[in-house]
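The following exercises are to be worked with the sequence and the three-dimensional model at hand. Each task is followed by a solution in steps.

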Amino acid sequence: MDIAGRVVLITGAARGLGCEVARQLASADALVLVSARQQENAERAAAELGSAGNVRALPVDLDVSDPDAGAEAAAALRADPGRLDILINNAAAYVDWSEMASSADLKLAEQVMAINLFGAWRLTQALLPLLRESDHPRIVNVASGAGSHADSQFGLTRRGGAAATYGISKAALGALTSTLAAELANTPVLINSVCPGLTATWPGAEQMGARPIADGAASIAWAATIPDDGPTGGFFRDGKPLGW
Ligand SMILES: NC(=O)c1ccc[n+]([C@@H]2O[C@H](COP(=O)([O-])OP(=O)(O)OC[C@H]3O[C@@H](n4cnc5c(N)ncnc54)[C@H](OP(=O)(O)O)[C@@H]3O)[C@@H](O)[C@H]2O)c1
């Protein structure tokens, strides 16, 4: 779908997949607002991405686990550019691969849930009024096969319990996608979860078989650009359905 002129907000976009999704959507002539926990990092990313198209930094420190984050993002968007068409809940955290559910530090687990689940939920709640004013509203929740029962490589039952909170948080994010899509059925808002696949956003990832950032980012960008008769309430990788 042609997304020229659409306004996009991406959380956690100063580096990694979020930054590359910003590049791809700006290259498609969207106006992309990148956000980060520290505004200066979003400004640096926006400056670096400037040649890709129209990229700006959201002028607030956007820590999605902050209870005020949603209201602050909404106020900044209302002030300029005054609209929002596409929200990409990309920000995420992770404890450790060795973290097991039986022994997990629940303080750390709560912090991860506060970002991966409640951060996306908070931003979605706060920005829905703006999105409802759009003719083509889209919400993309960046999830992971790690939160799926169906992923045969990294799924919930395929890691021997490793990275417990990360998987549980992404499964919960999928449940949020389904639940909200059911609530918003018969509205123009299309909300989907996507998995970028194992993507090389950290040193040494290629040696584990991770794919280039541009490929993982394209999997996310796809859900931001689906047409009005596109899917809602689904879970996708590279535009193809994944099992929950
Ligand atoms: N890479 C993969 O193989 C893979 C696979 C499946 C799914 N995913 C998902 O894809 C998304 C992007 O992953 P990535 O590999 O690009 O991760 P990343 O390089 O670790 O980037 C995560 C981003 O989230 C931000 N963030 C963390 N906590 C935040 C908070 N409280 N508020 C706002 N931003 C926060 C980070 O900001 P700072 O720079 O401030 O730390 C960073 O920009 C995540 O949702 C991840 O779970 C990735």
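Two residues are in contact if their C-beta atoms, placed from the backbone, lie within 7 Å. The model is predicted.

**Exercise 1. The chain as a whole**

Task: Determine what share of the contacts in the chain with a separation of 6 or more comes from residues 24 or more positions apart, and describe the overall form of the chain.

Solution. 
- Step 1. The secondary structure amounts to 7 helices and 8 strands.
- Step 2. For 244 residues the globule rule gives 18 Å, and the radius of gyration of the chain is 17 Å, close to that value, so the chain is as compact as a globular protein of that length.
- Step 3. The C-alpha trace spans about 45 × 40 × 35 Å along its principal axes.
- Step 4. Of the 244 residues, 49% are buried.

**Exercise 2. The shell around the ligand**

Task: State how many residues surround the ligand and which are the closest.

Solution. 
- Step 1. The ligand is surrounded by 27 residues, and the closest are Gly12, Gly16, Ala91, Ala92 and Thr201.
- Step 2. Sorted by class, this shell holds 14 nonpolar, 10 polar and 3 charged residues.
- Step 3. Helix α1, residues 16-27, makes the greatest contribution to the shell, with 3 residues.

**Exercise 3. The packing of α1 against α7**

Task: Describe the geometry of the α1 and α7 pair, then list the residues through which the two helices meet.

Solution. 
- Step 1. Two packed helices are described by the angle between their axes and the distance between the axes.
- Step 2. For α1 and helix α7 (residues 213-224), the angle is about 65° and the axes are 8 Å apart.
- Step 3. The crossing of α1 past α7 is right-handed.
- Step 4. From α1 the contact involves Leu17, Glu20, Val21, Gln24 and Leu25; from α7 it involves Ile213, Ala214, Gly216, Ala217, Ala218, Ile220, Ala221 and Ala224.
- Step 5. By class, the contact comprises 10 nonpolar, 2 polar and 1 charged residues.
- Step 6. Ala217, in helix α7, may be taken as an example. Apart from neighbours within four places in sequence, Ala217 is in contact with Leu17, Glu20, Val21, Gln24 and Pro196.
- Step 7. A residue counts as buried at 20 or more other C-beta atoms within 10 Å; Ala217 has 24 and is therefore buried.
- Step 8. Ala217 and Gly155 are 62 residues apart in sequence, and their C-alpha atoms are 20 Å apart in space.

**Exercise 4. Backbone features in loops**

Task: Identify which residues a cis peptide bond joins, and decide whether Ala163 is buried or exposed.

Solution. 
- Step 1. The cis peptide bond joins Asp80 and Pro81, with omega at about 15°.
- Step 2. Pro81 belongs to the loop between α3 (69-79) and β4 (86-89).
- Step 3. Ala163 is not a glycine, yet its phi is positive, at about 50°. The residue lies in the loop between β5 (138-142) and α6 (164-183).
- Step 4. Ala163 is buried because it has 21 C-beta neighbours inside 10 Å.
- Step 5. Asn186, also a residue other than glycine, has a positive phi near 70° and is found in the loop between α6 and β6 (190-194).
- Step 6. The cut-off for an exposed residue is 12 or fewer other C-beta atoms within 10 Å; Asn186 has 6 and is therefore exposed.

**Exercise 5. Burial and separation**

Solution. 
- Step 1. Beyond four places in sequence, the contacts of Ala42 are Ala13, Ala14, Val34, Ser35, Ala36, Ala57 and Leu58.
- Step 2. Ala42 and Ser219 stand 177 residues apart in sequence, with 22 Å from C-alpha to C-alpha.
- Step 3. Ala75 and Ala126 are 51 residues apart along the chain, and 9.6 Å separates their C-alpha atoms.

Key
Residues numbered from 1 in each chain as written. Predicted model: local features only at pLDDT ≥ 70, side-chain atom pairs only at ≥ 80, totals over all residues. Near = placed C-beta within 6 Å. Helix = DSSP H or I, 4+ residues; strand = E, 2+ residues; numbered from the N terminus. Nonpolar A, V, L, I, M, F, W, Y, C, P; charged D, E, K, R; others polar. Axes fitted to C-alpha atoms, helices over the stretch in contact; angles between N-to-C directions. Left-handed = near helix turned anticlockwise from the far one by under 90°. Rg over C-alpha atoms; globule rule 2.2 N^0.38 Å.
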